[in-house]
Amino acid sequence: MQEPESRTTNWLIMTPPRAEFHDIGKLIDWKAVGLHDAGGGEPHEFEACLTDSATMEQWGITLNGPAWEGIVRKEEFRDLRLGAWPGSLNWLLTSIADNLAAGYGRGLKEQQVTGTPDRQVHCLWRGLDTSQDPRLKDQADLREMINFLNTGPSWDDAVAKYGGLLKDRAEVARPGLNVTTLLRHSQAVGNIARVLMQCDLSTVSADTPWPNAIAAVKDTNKLHVVHYQIGHHQRPFRVKDLNIFAHIADAVRRLTTEFADNVLAAFDNQLILVFASPDDFKRWNQRIWDEGLFGTFRSNEKTIGELLSRGMMDFEKGRRWAFPELPKTLSLPICENCQMDRATHKWPLESDTDEPREDLCSRCLNIRQVATPLSKLSDEWRENSVAWVHVPLSVSDAIESLKYLQVKYLQSRAKNLPGDLESQIFVAFPLLADFVEAYKEFLQQFDTMLRDTLGADRVEERIGESLWCVSLQSKEEALALANDAHTLAKREFPAMLAAPTPFPIRFGISVSRAKHPFFAHWEQIMKPQQEMVINMVGSGRACMRLADVCKVSESVRAVPRRAAHQLATVARVSTALAELSLKEKKARSDDSAGDMDLSAIGRLVPSVIDFASARTLVAMMGGVDGQDY
Amino acid sequence: MDRTTETEGRCFLRYRLTADLLCVGERMRASTYRRCLEVIPSTTLEGAFKVAFPHPDRVVYAAAKFRRPPVKEVLTYSPRDRGTNVSKLPLQVEYLTGVEADLYVIKNDWTRKFPSRFTLQVGAMRPQGFGRCDVEFVEQLAPANPKRGVLALRIPDTDAAKNAFGVRTVLDLRAGYLFVPDHGHNGHYERALFEGSRVVADPVVLEAER
């Protein structure tokens, strides 16, 4: 990671805080190393090693470098930090960032959450502890850490050395609150502290008492937290147009480096951003537009004080657009691909070809020209049926689901909780960040599952972080794919899948012949409206909850082919008649129906799936297409 | 000079529009695929009214909103070269079926003379039988104050169009381009406000509140 540069405010030159290190002492078992305090408490800011200069010398602490500055931020270290970093306000930035990135539990009193501390992480979406107490227990480990901190390491160095422990250690050890990793919390604190450097801190000084300092700045400074989604104007038509997804991934990488502190999380085409300056958000949008892209976003712009009480993930409901200023008119021809710029090139570039010609702007031409070949899709699969599979994450559903699971877990572990817990609790950013990492790992596992199940020759090269194209031997395989997705999700997120809240990882599967334009599929699977959407081009769409996929799949397979074919044929003439026919067969459901027995699928309508979904699935199993696309 | 707006306020005439087959096309892709929009741009209706009710100076500002989500299908069609009578590359065309929409036409001294029932030819593929819309008058709407909402269709980003539809403020812009024919067979693309933009405008151009 690039080291942030020093910045000048109008009153002070500040070395950017390395606030990530503030809680690294939580990796030490202070009791085991013999340094617990008189009350049996566990000092995690190295208090027992910093009592006086003799003790510091005994432990070899030099306070050399910004890593220590994040650790010695509290009021009891005031003299120490004024001596080592005179004039610096990094202790304040770290403290505010620490509170902003803290879980809901900061607001709860000790008496409300009593019991043996749980230092391992409880994974809400799995419903179990995923680690054991990872703390280092030897004095030699403590000395090694102190020596490491003395070298003034970067956070990347710390993750390389202690990353596994940081991931296994809960940020908060109180029972019921151990749901976030220390790793995500620490990283968030680092980013936020550096963004806070943009705030107006002119009313405080290095020796302002700690609570007074926070009070002085929290209501006069705002932060703008943004859930941002990057969109593209292009409507991919040819295989090479799919390079737009690689272009978006490259743009995200570039912007994550350029706005390293502002980007709290990046996954697929989505980011969680934080800005202290409106100009920085404008600059962000301008860079998005420079890449030929646009954005939609949800905002949470509040004072620091308001964010401290309601959390950073409390976004407004509607999405807003971030579109560039466009020229008032464009003369002909317009680019066929993006329809946002004048076409200045013809494709194919060679004029002596029978291929249909297209008009393209220079940006769309460039996307095609630099595209990595997708040889299976462009050559080998030309006559095949394919399925486009998109697995996006709904952040709002993730927040809702995590909140539900957090409440249930807290209620199971703590007593004397506030009566209005469900309305007061909020999902802190680091918890969402942990889940986002789990989502990204899931995408990798999904990729592996596809290649293991179908064989590598039936899975195209990865097109986007959450987008695949696979070759199908029959259209019914789409249902098998849906089953496999459910099985994997159940293995990785069992508690979340069992919860009554919507499952936030969506699946969109769209099936047609390989030649059918991608943009027609993308309209159906870009934002799946249900947890599992199976679109059969020319036949219809089936939507269902992910938890119901197995039940639906078994029922559809139990429908005799003859019955499926007849229902699909009737539906092509009259939807109402077909629906009536299904209801009538459901009501009858006796053994005499034989190979016309539709009761298996009839039972699912409308409580599990609607008629349109049943019709689509039955048509698929009956080998009936609307038209063959 | 038309003083309808001054005397009656900006009001709209509401019609019911129905069509069996409608193709509101975008620019064709590689001459082989025509995508169909799921909104009807105001310029498309403007063109249809120009044909149905020609006038040298008058522009009919009209907006249409589907009463229920339209069903989209695809037709594969092989046009023939007239000279050689040989099939060209097959053309795939998206179209909407069973269209039912509310059509709002701004009332002025010209549009008040329209009959209560008429036919419009809307969109692309008209020689092939697409686009025939039956229009029937329903009611005159009372003047309404502009309000905040989400734009339900596409309108040119021009003062004339924004005035006609009562667009006072654009709060959150989703932009693009609409084709505007010039005299003859030429034309150009004009910047437009697209559906999804948040505006303060006459309710006829806004999505229904959920």
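A polar contact is a pair of N or O atoms within 3.5 Å; within protein, one must be able to donate a hydrogen and the other to accept it, and residues adjacent in sequence count only if both atoms are side-chain atoms. This is a predicted model, where local features need pLDDT of at least 70, side-chain atom pairs count only at pLDDT 80 or more, and totals for chains, interfaces and linings use all residues. Residues are numbered from 1 along each chain as its sequence is written, chains are lettered from A and ligands numbered from 1 in the order in which they are written, and side-chain values use heavy atoms, with hydrogens and water left out.

**Exercise 1**

Work out how many residue pairs are in polar contact between chain B and chain A, and how many salt bridges there are.

Step 1. Between chain B and chain A, 19 residue pairs are in polar contact, both residues at pLDDT 80 or more.

Step 2. Four strands of chain B each supply at least two residues to the side that touches chain A: strand 4 (71–77), strand 5 (91–106), strand 11 (175–181) and strand 12 (187–193). Strands here are DSSP runs (E, at least two residues), and helices are runs of H or I (at least four), numbered from the N terminus.

Step 3. Strand 12 gives the most, with five residues.

Step 4. Now the salt bridges (a side-chain nitrogen of Lys or Arg within 4 Å of a carboxyl oxygen of Asp or Glu). The two chains share eight. One of them joins A:Glu523 to B:Arg35, with the closest N and O atoms 2.5 Å apart.

**Exercise 2**

State how much area chain B and chain A bury between them, and which residues of chain B lose the most.

Step 1. Buried area is the accessible area (1.4 Å probe) that two parts lose on being put together, summed over both.

Step 2. The chains bury about 2900 Å², 52% of it on carbon and sulfur atoms.

Step 3. On the chain B side, B:Arg27, B:Arg29 and B:Tyr177 lose the most area to chain A, together 27% of what that side buries.

**Exercise 3**

Find which strand of chain A pairs with strand 12 of chain B, and in which sense.

Step 1. Two strands pair if DSSP finds at least two bridges between them.

Step 2. Strand 10 (residues 329–331) of chain A is joined to strand 12 of chain B by three bridges, and the two run antiparallel.

Step 3. Within this pairing, A:Leu330 stands opposite B:Tyr189.

**Exercise 4**

Trace the partners of strand 7 (residues 132–140) within chain B.

Step 1. Strand 1 (residues 12–22) runs antiparallel to strand 7 over seven bridges. B:Tyr15 faces B:Phe137 there.

Step 2. Strand 6 also pairs with strand 7 in the antiparallel sense, over five bridges. Here B:Leu120 stands opposite B:Cys133.
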